[in-house]
Amino acid sequence: MNTRIMPEFDLLLPETVEQAVSLLDKYQDKASIISGGTDVCVAMKSGYRTDFLISLAKISGLDYLEYDPSTGLRIGAKTTISQVLSSADVKTYYPALWQAASIFATPQLRNTATVIGNLLRASPAGDCICAVYALGGNIVLQGAEGQREVSVDEFWLAYGVTARKVDEIAIELNLPAPVKGNRSSFKRLTRTNEDLAKLNAAAHLEMDGKKCKQARLSIGCVAAIPMRLEKTEALLKGAEITDDLLEKIVTNVGNEISPIDDVRSTAEYRNQVAGVLIKRVITQACCKS
Amino acid sequence: MNNHDITLKINGEEHKVTVPANRLLLDVLREDLQMTETKYGCGTGECGACTVLVEGNKNICSCVTLAATMDGREITTAAGLEKDGELHPVQEAFIDEFAVQCGYCIPGMVLKTVSMLTENPNPTEEEIRHGLEGNMCRCTGYTKIVKAVQKASQIMAGSES
């Protein structure tokens, strides 16, 4: 890897989503899309190649973040991590996403990188991915044939692979409106603050007093794709959150995952710590008034 | 590979340049325009030596920014902070607190500090340290840099102690 050398490609700067879609339709898998480009530029310095790079830089109107109490949150394709961080609505109603944004990379990258870009990267270590997976929602994809929505539950298919077809552009993320008793939380473990996660986890709970009506738990860095802990969620459903239950959850999470050793951590560490991290995100979510 | 004719307004002055598609903003500044105050560090958006401000106050890494995507934008480099021969209060504070050792990270540190103090004029030490993430110094151990940011905050508030 030589970080001074960029490979050659044609840069295309469409001015509308329709133009971008028709370029994708024309070039198919020979084209890649960037908004901030923080990930693709680094990838290109370490071997990633594309014939055509389509930048969203000249398309206006995609950098919105709109919250409506009845329909939820809409995040556009060009909305940056910093925009998420400066939204009081996200902090109040989607704390897991706000917390993921607050520790995401560095201020410089938060100013350029987008939430949707992080989802499309489909890395199991993605912090926004982890939070969004727990929160649930849909990704709006636009192709030549029109728009379709894909649930986050069906979006990440393999390492680096999403349900987006090569001729589609992800134009929006929708997160559902919070219901009464709705709580969420995100946590990440790294060696240093700027590093990628050794483990990350998010909890999204629907509480009725001390009782948990519904739970969504997501965890990253323990499989090729971000993972939901459905067996552990079942333990929470309809149960009162007690210390005993939390200890049972710690054990259960260890049984539900099968992580690997890699540059950032070992399988042994992840197996030991994942349950504790899930316990902490549940506790943190519950502690929020 | 295609070329792009772009206009960048750098430190208040317009520059028209023709750049190949893969030209990074950092290389346009350093190589094409000979503005070497912006430094090349890691090249992967981690160390912050290449930090510039866009549209006034948005700090970004120019080493992972394609120049052609910045057409028409206003860029501020560390050299653009000086006004009429007077250093910016942040630059003064870095000198006063001896926050500079080898100096390589300092253009990025100074720009990050300007950006941080514009958004939050009176940050706590914790906020300063969180804000300086993304700018690495391998000499001073950050203590003096944090002090310089605190000093700059005081100068800018007009209550220098």
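Colleague: What share of the 289 residues of chain A counts as buried?
Modeller: This is a predicted model: local features need pLDDT of at least 70, side-chain atom pairs 80 or more, while totals for chains, interfaces and linings use all residues. Residues are numbered from 1 along each chain, with chains lettered from A and ligands numbered from 1 as written. Buried means 20 or more other C-beta atoms (placed from the backbone) within 10 Å; exposed means 12 or fewer, and partly exposed lies in between. Of the 289 residues of chain A, the buried share is 49%.

Colleague: How many helices and strands does chain A have?
Modeller: Both are DSSP runs, numbered from the N terminus: H or I, at least four residues, for a helix; E, at least two, for a strand. In chain A the count comes to 11 helices and 15 strands.

Colleague: What does the C-alpha trace of chain A span along its principal axes?
Modeller: Take the C-alpha trace of chain A. Along its principal axes, the span is about 60 × 45 × 30 Å.

Colleague: How many residues of chain A are in contact with chain B?
Modeller: Contact means that two C-beta atoms, placed from the backbone, lie within 7 Å. Chain B brings 25 residues to this meeting. From chain A come 23 residues.

Colleague: Which strand gives the most to the side of chain B that touches chain A?
Modeller: The top contributor gives four residues to that side of chain B. These lie within residues 58-61. The element is strand 4 of chain B.

Colleague: How far apart do the C-alpha centres of the two domains of chain B lie?
Modeller: An automatic or database assignment sets the bounds. Domain 1 of chain B covers 3-80, and domain 2 covers 89-157. Their C-alpha centres are separated by 22 Å.

Colleague: Which strand gives the largest share of the side of domain 1 of chain B that touches domain 2?
Modeller: The contact takes 13 residues from domain 1 of chain B and 12 residues from domain 2 of chain B. On the domain 1 side, the largest share is three residues. They come from residues 51-54 of chain B, which form strand 3.

Colleague: Is Q34(B) buried or exposed?
Modeller: Q34(B) sits in the loop between helix 1 (25-32) and strand 3 of chain B. Its phi is positive, about 60°, although Q34(B) is not a glycine. It has 7 C-beta neighbours inside 10 Å, so Q34(B) counts as exposed.

Colleague: Why does F98(B) count as exposed, and how many other C-beta atoms lie within 10 Å?
Modeller: F98(B) is in the loop between helix 2 (89-96) and helix 3 (106-119) of chain B. F98(B) is not a glycine, yet its phi is positive, about 50°. F98(B) is exposed because the other C-beta atoms within 10 Å number 11.
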